[in-house]
Amino acid sequence: MTMLRIVAALVALLASAPLTAQAQDWPNKPIRMIVPFAAGGSTDVAARLVAEYLSRTLGQQLVVENRTGANGNIGIEAAAKSAPDGYTILVAPDAIASNPHVYKVNYEVKDLTPVIQLSRQPIVLAAHPTLGVKTQAELIAHAKKNPGERYATGSGINSGQHMVTMWFAKLAGIQLEQVSYRGGGQAINDLLAGHVKLGTLGSTPLIPHYRAGKLIMLGQSTATRAASLPDVPTFRESGMPDLVVEQWLGVFVPAGTPPAIVARLNSEIGKSLADPAIKGNLEKSAQEPIGGTADAFGQLVKNDFAKYGRLVKDLNLKVQ
């Protein structure tokens, strides 16, 4: 080995030494968990369940920080630009895969390292009882007579929830108007009050009100019916076979986070998803716990990034 190569090897070793020591000592202080949507929605509910579990098993408090705005971009960017030291964790939905296609974002998907998939759930189209529709067919008939019916989403323009509704409207030949909110909890409040009479949201904030008879679920976006929503037809069943979208949640850390920390987080979060209390709470809200390897989750992110790119073109969406 030449002297130049020896020096280069020593430099690389010295550069990695702080990260190695850091990974061995981790965690020795509280950890910030960024949720890029408001409290009460699907992302926030799942994040807080996991945060509580990790606070016990890691021996350090996980502090949930709701950084809302721009369909999650503000929180996602904050996480992407944080130090890769294991003390910033991001819990985010598939907006990470769709946002770069439709927003001028200040991050790239590669700026974040996938850790583990938490769950998947349907995107659900729901109606307030006073709208007077109980099926997708009745909604389509209503919308043809009343073009521009407003619907709430728990995320912004060009979000996955928005895309599902636009896709549905395009196939049905109707016009619907989006009213976007910073989180599912806020959207639910206006939907329950009848300020808007349609909503397209993740299933979590809708389930309790559906079971209480306060909302009517018209359709769900998964290929088959969610186990906790056996009475709600899929869009595929209702004559739209290609309209299939799964809204997933996952955990990310800033790119460059030591692999040992990523592996530890994957292991501990995987255990949390098998915990009967957490598993049960997720399933009650129609979120199916997933888990798995970081590599498998990374491949899902990559595949969905490509899928949303195609969908943006098909729906002729513009960059915001």
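Modeller: What follows goes from the whole chain to a few single residues.

Colleague: What kind of model is this, and how are residues numbered?

Modeller: This is a predicted model, where local features need pLDDT of at least 70 and side-chain atom pairs count only at pLDDT 80 or more, while totals for chains, interfaces and linings use all residues. Residues are numbered from 1 along each chain as its sequence is written, and side-chain values use heavy atoms, with hydrogens and water left out.

Colleague: How many helices and strands are there in the protein chain?

Modeller: The protein chain has eleven helices and ten strands. Helices (H or I, at least four residues) and strands (E, at least two) are DSSP runs, numbered from the N terminus. The radius of gyration is 21 Å, close to the 20 Å that the globule rule gives for 320 residues, so the chain is as compact as a globular protein of that length. That radius is taken over C-alpha atoms, and the globule rule is 2.2 Å times the number of residues to the power 0.38.

Colleague: What box do the C-alpha atoms fill?

Modeller: Roughly 80 × 40 × 30 Å, taken along the principal axes.

Colleague: And how much of the chain is buried?

Modeller: Buried residues make up 53% of the 320 residues. Buried means under 20% relative accessible area, exposed over 50%, and partly exposed in between (1.4 Å probe, protein chains only).

Colleague: What share of the contacts is between residues 24 or more positions apart?

Modeller: Such pairs account for 78% of the contacts with a separation of 6 or more. Contact means heavy atoms within 4.5 Å.

Colleague: Let's pick a residue. Where does Ser42 lie?

Modeller: Ser42 lies in helix H2, which covers residues 42-58. Ser42 is buried, with a relative accessible area of 7%.

Colleague: Which side chains does the Ser42 side chain make polar contacts with?

Modeller: One is the side chain of Gln121, at 3.0 Å, and another is that of Thr204, at 3.4 Å. A polar contact is a pair of N or O atoms within 3.5 Å; within protein, one must be able to donate a hydrogen and the other to accept it, and residues adjacent in sequence count only if both atoms are side-chain atoms. Not counting residues up to four places away in sequence, Ser42 also touches others, including Gly202, Pro205 and Gln287.

Colleague: Is Thr200 buried or exposed?

Modeller: Thr200 is buried, with a relative accessible area of 1%. This residue is in strand S7, residues 198-202. The Thr200 side chain makes a polar contact with the side chain of Thr165 at 2.8 Å. Among the residues that Thr200 touches, leaving aside those up to four places away in sequence, are Ile123, Tyr151 and Gln161.

Colleague: Now the backbone. Which peptide bond is cis?

Modeller: The one from Trp26 to Pro27 is cis, with omega near -10°. Pro27 sits in the loop between helix H1 (3-25) and strand S1 (31-35). Most peptide bonds are trans, and most residues other than glycine have a negative phi.

Colleague: Which residues have a positive phi without being glycine?

Modeller: Ala70 has phi near 55°, and Asn316 has a phi of about 55°.

Colleague: Where are they?

Modeller: Ala70 is in the loop between strand S2 (62-66) and helix H3 (73-80), and is partly exposed at 42% relative accessible area. Asn316 is in the segment after helix H11 (294-314), and is exposed at 53%.
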